[in-house]
Every structure is written in C-alpha cells, then in structure tokens.
Amino acid sequence: MLELKDISKTFKKKGTGLSVQAAKHVSLNIPEQSIVGLVGESGCGKSTLSRMVVGLEKADSGTIALKGKNIDYRNPRDLSHLRKSVQIVFQDPNTTFNPRRTLLASLEEGLVNKGMGKTDRLKKVRDLTDIIGISYANLEKYPHQFSGGQKQRLSIARALLMEPELLVLDEPVSSLDVSVQAQIINLLMDLRKEFGLTYLFISHDLHLVGYVSTLIAVMKSGEIVEQGDAEQILFEPKHSYTKQLFASSPIIH
Amino acid sequence: MRSMDTIRTIGRLLLRLLATMLLISTIVFLLLRLLPGDPAQVIAGIDANPADVENIRNSLGMNGTIISQYLTWMGNIIHFDFGNSYFSGRPVSTLILERLPVTANLALLAMVFTILTAIPIGVLSAVKRWSIWDAFGLLYSQLGMALPSFWMGILLLLIFSVKLGWFPLFGAQGFNSLILPAISLGLAKSAVLVRITRISMIEELGKPYIEAARAKGLVDRRIQYVHALKNALLPVLTVTGLQLGGLLGGAIIIEQIFSLPGLGRLFLTGIYQRDFAVVQGSVIFMAFLFSGINFLVDLLYALINPKARIS
C-alpha cells in the first residue's frame, strides 16, 4: 500500500544552530489491509513520520511510494492524489475542528473541495455519521458542544469521508478517558472490516499496539530499531529497547 | 435554544450598559461637588455679589440637599438635559448635537482608514511571515506607534494643504476637509491594529484545525482566508471597538489642529471658559457614546462567536 524508503528529516532550531534528527534513514512497508503499529516514547519521531506520510511535512531525503508509485511532495497533483488515498486522525480532537464552524460545515468541506453536489454531500455525511454513532441532527452544533469521545468519532468520520485506503491514526485515543478509549478502538476495528482499510497506528502504548496490530515497528530517536510480525515482536523481542519498552508497560500478556 | 442564549446574552450586556451609564453619571455628579472650591464662585469671580453667585448656583443645579440635587441631576440626564451653557445660554444638549456630526464623521472615517490599512497589512505580514512584506508591516506599525498624531497632523497639513494645496487648510468644508484629520487620527490606531491582526493570524494559522484542514486536502488560500482569517478577526474586532472609543478622545487634539468645529473643540472651549455645564455634558455624552459603542461591539462579538454566547 505505502512504502517509505530511507526517509530522513532534520529540524533546525532557528538561531541556535541546534538540530534534532526526527527521522534517520527510516524504511517502513505498510502492506494492504494490514495494521502497522508504530511504537516509541514521546519525541522519538513517530508523529513526524506520520505527518510525512500524509504530506503535512516534507522529508529531507528518501522516497514515499503509494501503490508502487513515487510521490513527489512538490507536485500539487501528487499531493492531492496522496490525500485522496491517505487520511489522518489526530491525537487531540478538541483542537482539530474549527471552533466557529458547525460540525456539518467542517465535515462537508472536504467534499465541497472534491466538487461533490449538495445532496450527495449531505447523504454521504448522514450515512457515515450513522455508522460512527453520532446523530445527524447534532451536526448543527459547534465543536465545544461535543464530548472528547464524540469529537474523536467525528474526526474519524471527517477522515473517512475522503474515502481513504490508508488511515493514519496518530495516538487516536491518548487524549480520551479510558472508558471511551475502548469504544473508539472497537469502532476503528469495525470500520476497518467495513471499508477494507489499512491502518498506520501510532502510539506510545505498547499494550494497545500489541492488541490491534498485525505488524509492529519500534522507533527510537528517529530510527526504527525493530520491525516484524506483531506476535514475533510481542513474544520474542530482539532489540534491547523493545524489551525495555515491554518492561515499562504495566500490562503484559 | 440558540435564540434563548442570544436573548440572555443581550440582556446581560444591556444590564451592564445601564450600570455603566449610571456609574458614569454618578461620578461626574460627585466630581463637581467633592472638588474643593465653589464652581459658582469661580464662574462669578471672587468679588461678585452673593446674589449673583446664588443665581449661578441655581443654574448649575447646586442648591438644596445633595440627595435632591442628585435626583434632579439623574432626572435631567434621562431627559438628555445637561443644563445651559453659561456663556451662550443655549442648552448643552443642542450644542453637543450640533457638533456631533463633525466628530462622528471624523471618527468613522478614521476607523475606515484604520481597518482598510491594518487588516490587509497585518494579514500579509502573517501569511508571508519573515519576508520583506512582514518587514514592511512591522516597520509601518513601529512608525505609526512612534509618531504622535498631532505631529502627523501638522506634517500632513504642511505637505498636502500648504505645499500641494490638495486639501483645505482648516474648517469643516465637506468630506475633503476630513481626510487629513482622519489619516492622522487613524494612523496610530492602524499601527496597533496591524500588530493585533498579525499576531492573531499567526496564532490561528498555528492551530491544529488548520493542519486538519490541510490534511483534508483544502488549498492554502482557502485555509488562510476562510478558516484562519475569520477566526483571527475576533480579537481584531474587540480592539477595533475599543479604538473607536479612543478615537473620540484623540479627536479633541486633532480637531484643534485642523480647526474642526467638533465635540472636542466644544469640550476644550468649555474647559478654557470654565463653562461647567458644557464640560459636564460633554464628558457624560462622550462616556455614554464610548459605552454604547462597546455594547455594540460585545453584542457583535457574541453573535459571531458561538463560544462567547454560552459562557
């Protein structure tokens, strides 16, 4: 589905000469219909990687190929092609909606951009909100009138409206209550079956990643130190950092 | 549900407006009475005969107990009656209404100038941050804030009226004579507003929902002008409202420089002539105007921002 080859990215801090290498020669393959779990502690570069995958950040070097076709980030046509197939759900649903637009306006907008007619748009939004379990009538409300869990459902809906094949989930439940986390994870698992989606699931929670993923990649200071089948990583971790991560995770099965 | 919230918000704002106006009237009332010295004596002169002083005191509404004075005072204000000018003998409210159009037009024109310059410059600065455009925006705002408006006024007069003869030198001779005063009055406001617009726009562009809009596939221009600008204008609106009030104060100086027969001139002349009724009336009127404008701005703010309506 998506293949990252030898991706590097350095952030320079203005005026200080200091720099952080967020990605060092990262290669990662995301096969169709898989759930790739990307784990690592905060600041290891996993969010930067996810932002590069959806085209919000440009890699300094390396290539990203979508279904075998290289994506050139400077080319607007390539970028819009990427955005049709790859969408992202951000960590904090409280800040990712425009506070002064109704949810309907926010959800619809991507479809307007695609040139879809009004009736088709509303039907599509209605169908999807039914699936994610938010009443269509409530979409006239503003973001602050929804709970965090509801907002995260809505941001999943926003991403799915664009009919992506790959959905990048950047810590999709870390900002939610524990009781809501399970609901969102279950919803994601159902949606995957229904739409045949591929997930890149990013989290610092090894337990969670182990539970949902088919493949796991472990990232440490900009490098992927270990990747492979979920079971292999879970039960026979080879790299010492993976073992450390396990040791620091409260629940191990 | 939504309309209930709106009505409640309007009610709350109205109540606040009334409380402010009541407070202003009371303060102005107390000011003249608590200050040392007798205004009637000051007007009449030290060696005036007591009967004259008593007469003046009557005309100022300063006879009887303080309570009855206060009640008369408030009653008069409700009827828009600020007494008569001691010098011209005409009602202060008439004087104010005569002078109001000049000041109102001047303030509005200055506001138009402020908005039309500040928002484009501020937005351009923010969108093209750290570019030559941004440098120009920052320089403009620095200069505008540093140069005092009376100096700007004199400079503009020298260049455009004296040298080039494009605008009249003094007096209210229609729209043309308001342009230079409006620019000198608006420049400092515009300079501040450029900063507010720029920083508010930069903040808005850094918010996660902008990123989300980008991921959704929207083009940058739509994100900048439809999403970010609309939200960034909220603080700009608040500041603009406060500035419109401030323009009234600024008008006092500018009207003097350009010899415009506005409220500011009325007020200043009142002070020079120790015409207490005129001074009191102008102060109250300007304060009411200021509160009224703020009320309208708050109202607008509540109608635009769904969050402000609820809280």
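Biologist: How are the axes and angles of helices defined here?
Modeller: Axes are lines fitted to C-alpha atoms, for helices over the stretch in contact. The angles are taken between N-to-C directions and run from 0 to 180 degrees.

Biologist: In this predicted model, at what angle do the axes of helix 7 and helix 8 of chain B cross?
Modeller: Helix 7 of chain B spans residues 149-163 and helix 8 of chain B spans residues 176-205. Their axes come within 9 Å, and the crossing is at roughly 145 degrees.

Biologist: Is the crossing of helix 7 of chain B with helix 8 of chain B left-handed or right-handed, and how do the contact residues divide?
Modeller: The crossing of these two helices is right-handed. Helix 7 of chain B contributes residues including Met152(B), Leu156(B) and Phe160(B), and helix 8 of chain B contributes residues including Leu180(B), Ile183(B) and Leu187(B). The contact residues divide into 10 nonpolar, four polar and no charged.

Biologist: Which element of chain A gives the largest share of the side that touches chain B?
Modeller: In the contact between the chains, 21 residues of chain A meet 16 residues of chain B. On the chain A side, helix 2 (76-85), strand 6 (86-89) and helix 3 (103-114) each give two or more residues. The largest share is three residues, and it comes from helix 3 of chain A.

Biologist: Is strand 8 of chain A enclosed or open, and how many of its residues are buried?
Modeller: On one side of strand 8 of chain A, Thr198(A), Leu200(A) and Ile202(A) are buried; on the other, Tyr199(A), Phe201(A) and Ser203(A) are buried. Both faces are therefore covered, and the strand is largely enclosed by the rest of the structure, the buried count being six of the six residues.

Biologist: Which residue of strand 8 of chain A is the bridge partner of Asp170(A)?
Modeller: Strand 7 (residues 166-170) of chain A runs parallel to strand 8 of chain A, with five bridges joining them. Strand 3 of chain A also pairs with strand 8 of chain A in the parallel sense over five bridges, and there Leu38(A) stands opposite Ile202(A). The bridge partner of Asp170(A) is likewise Ile202(A).

Biologist: Is Gln33(A) buried or exposed, and what is its phi?
Modeller: Gln33(A) lies in the loop between strand 2 and strand 3 of chain A. A residue with 12 or fewer other C-beta atoms within 10 Å is exposed; Gln33(A) has 12, so it is exposed. Its phi is positive although the residue is not glycine, at near 65 degrees.

Key. Residues numbered from 1 in each chain as written. Chains lettered and ligands numbered in written order. Predicted model: local features only at pLDDT ≥ 70, side-chain atom pairs only at ≥ 80, totals over all residues. Helix = DSSP H or I, 4+ residues; strand = E, 2+ residues; numbered from the N terminus. Left-handed = near helix turned anticlockwise from the far one by under 90°. Contact = placed C-beta atoms within 7 Å. Nonpolar A, V, L, I, M, F, W, Y, C, P; charged D, E, K, R; others polar. Buried ≥ 20, exposed ≤ 12 C-beta atoms within 10 Å, placed from the backbone. Pairing = 2+ DSSP bridges.
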